[in-house]
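Thanks, everyone. Let's look at one model together, starting with a cavity and then moving to helix packing.

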Amino acid sequence: MSMAEEQKSLDNLSACRNLLKASVDNSTALALALDKTGPRIAELDKKLTVLEVAIRPGGSKNCTFAAVRDHIGLALGPAVAVLKILDSVRELERSLLSDSGPDSDIISYISTIRRFEEAMKFLTSNCNLAIQWLQGVNQFLEGNSVAGDRYISNVKRSVAILEELVATGEQARRNGKLLCGAFDKLEISFKQILTESSATVGLANSSPCIAELPGPILRKLQAIVEKLNGNNRIKNCIPIFVEVRSLNARNSMRALDLDYLEKAIKEHDDVRDMERCIHEWSKHMKFIVKYVLENEHSLCKEVFGSLASGVWTGCFVKIAVEAGFLSFLRFGMSIAESKKSPIKLLHLLNIFSVLEDLRMDFNKLFGGESCNEIKNMTRDLVTKVVNGASEIFWELPLQVELERRSSPPPDGSIPRLVSFMTDYCNRLLDDNSRPILTQVLRIYQGWKHEKYDEGLVTNQIYSIVREIAVNLDAWSKAYEQRALSYIFMMNNHFHFNSLKDTKLGDLMGDSWLNANGNYKEYYSALYLRQTWGKILALLSQDNPVSSTISDSPKKRLMAFNEAFDDMYKKQLNWVIIDESSRDKMHKLLVQTLVPAYTSYLQKYSLVVEHSDVFYTAQSLENMLSTLFKPKQVKYTSSSTIGSHFTGKQRNAVIDQYRFTLTAM
């Protein structure tokens, strides 16, 4: 409605009020006159019977002064009510048009709107009633000569104005400028209240800081929603709510530093960095769902709960999507779709654990039909996680077998595959991972309509350890020097023996652990007999080897020195991983060689010149003590395991290892 039309309506209202007031005054005067005329007519009736007969054909049948009085009296009540209502309407108009608007008291402003609407309805009702009676008066007057043409014209004009007033009131209630302006102010206030009262949900010292809207604020928002919905204006209110609350949720998320969500998953990404990202994702996912989205879900229900359920659930989903929640699901999907590796299995178990922990929350938040996009993405993610984790777990023994083609460490130390897989198995068997792995495998078997074997995890770990043992046997035979293969086997049997009081050690049992301890001692003895025992024999005259050398003590000493020097250089880069085993080997070597060497020097001190002594007993001992120490040198082999691990304690190697499953 244009400004000109609005002004015309207001002018008509004023004119109608004035005309109705004048009409009421005239009608009142006419009624009083009729009341006074009644008795006189009765008296004349007795005396002028002839006149009565004369006027009977024209009006005695259809019109009496009493009838005129009754028609006018019935019309006066609605007309007076219209006048009073018009005064109330004008007063309410001034309140709605005031500059202060709803800012001072939103509840009172909404009450004013409601009273204005009720007044307009009441005005229309009384106008219709007044119109009916005035039309009756008009018909009566036109059919009789009781009033003049001017009076009849005023009645007709009053009827026309009232009819226009009814039409104006109906239009004003539907889409009039006054109400539209009032509703616009409500929408502005709705956004202002939301914006001023919204505060981000954050983490402080790892504890969530929840900022719920106070009760008075909620009541204001609910009142505005109910008023706007009752006038078909709620469609503008919902986008405002989504805009403000999604911005609020985004700010809550932005405070968490979520740059990693956009990180591309590459084949050779740093494993430590990826583990950190997934750890952050797990923590943030729980926080976002349990606190940020739960808060928004409750707020949507409280503010729009009086509307159809699809309205507020749809509003919540829009907030979740616009806030960026889908990026969390996409990050999980990128992990699930990345290249297979044992590390990926651990990541998938982590993701599944988070999704399982949030399953009831997801059902509550995203159970409606409007949440189909999020529900479908979550369902696809769970499917990929379960299938991917199960497939990797099934193929682990095969992948260990494929590593058999790689070369063993040149220093006789523990292959990375061995240390990685034993730590990896411990990780799978720990109290956090094993229940999750079991649940994942149970679901996977159920999808395939296969019965789950309770011993599945245990049997698979047995298979992995068996393949590792076969690999060790094959690698030990790859060494050209048998003594180095003994060091290699000694290191690895010690490694297995050291698994006591671990999950893997408990699974394999004490007999297996003790057997590896015995094998470690066995290969240690073989090493001593194969290497330093032969050198020591050079100093003995009873040794067949030394008998081929001239009986000269000097030459036997020189042969010993040369053999020792050669042996030392060959073994200088060999490694015994365990410090206690290394110290024990040093003591055995010193106890075996140094006393015999010292005794030999003392025995032949008269015939052996000082220049012929390559090593003193002390220097010999010092050299032996330098053997078997790990060197800080990175080792590169043909194994597909990946980069060297340097970092944390036991089990942390898993966090930093990439073991590519080449057959997948």
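Start with helix H24. Of all contributors to the lining of the second largest cavity, H24 has the largest share, with 4 residues. Keep in mind that this is a predicted model.

How many cavities of 30 Å³ or more does a search of the whole structure find? The count is 2. The lining has 3 charged residues, 3 nonpolar and 2 polar.

On to the helix pairs. First up, H8 and H9.

Helix H8 covers residues 234–254, and helix H9 covers residues 271–304. Their axes come within 11 Å. The crossing angle is roughly 160 degrees. H8 and H9 are therefore roughly antiparallel to each other, since the angle is over 145. The hand of this crossing is right-handed.

Who touches whom? On the H8 side we have Ile234, Ile238, Phe241, Arg245, Asn248, Ala249, Ser252 and Met253. They meet Ile288, Val292, Asn295, Glu296, Leu299, Cys300, Val303 and Phe304 of H9. By class, this contact has 11 nonpolar residues, 3 polar and 2 charged.

Next, helix H12. We will see it with two partners.

Take H11 to begin with. Helix H11 runs over residues 326–336. H11 and H12 pack at about 150 degrees, and their axes are 10 Å apart. Again the angle is over 145, so H11 and H12 are roughly antiparallel. H11 passes H12 in a left-handed crossing. From H11, the contact uses Gly332, Ile335 and Ala336. From H12, it uses Lys344, His347, Leu348 and Ile351. That contact counts 4 nonpolar, 2 polar and 1 charged residues.

Now the other partner, H16. How do H12 and H16 cross, at what angle? Helix H12, residues 342–357, and helix H16, residues 433–447, cross at roughly 85 degrees. Their axes come within 10 Å. That angle falls in the 65 to 115 range, so H12 is roughly perpendicular to H16.

Here H12 presents Leu349, Phe352, Ser353 and Glu356. Facing them in the contact are Ser433, Ile436, Leu437, Gln439, Val440 and Ile443 from H16. The class tally is 6 nonpolar, 3 polar and 1 charged.

To recap on H12: roughly antiparallel to H11, and roughly perpendicular to H16. Back to the screen for discussion.

Note on methods. Residues are numbered from 1 along each chain as its sequence is written. This is a predicted model: local features need pLDDT of at least 70, side-chain atom pairs count only at pLDDT 80 or more; totals for chains, interfaces and linings use all residues. Side-chain values use heavy atoms; hydrogens and water are left out. Axes are lines fitted to C-alpha atoms, for helices over the stretch in contact, and angles run from 0 to 180 degrees between N-to-C directions. Helices (H or I, at least four residues) and strands (E, at least two) are DSSP runs, numbered from the N terminus. Angles under 35 degrees count as roughly parallel, over 145 as roughly antiparallel, 65 to 115 as roughly perpendicular and the rest as oblique. A crossing is left-handed if the near helix is turned anticlockwise from the far one by less than a right angle, and right-handed if clockwise. Contact means heavy atoms within 4.5 Å. Ala, Val, Leu, Ile, Met, Phe, Trp, Tyr, Cys and Pro count as nonpolar, Asp, Glu, Lys and Arg as charged, and the others, Gly among them, as polar. On a 1 Å grid over the protein atoms alone, a cavity is a set of points where a 1.4 Å probe fits but cannot get out, and a pocket is an open set with protein on both sides within 12 Å along at least five of seven lines; lining residues have an atom within 4 Å of a point. Grid points are joined across faces, edges and corners, and a volume is the space filled by probe spheres set on the points.
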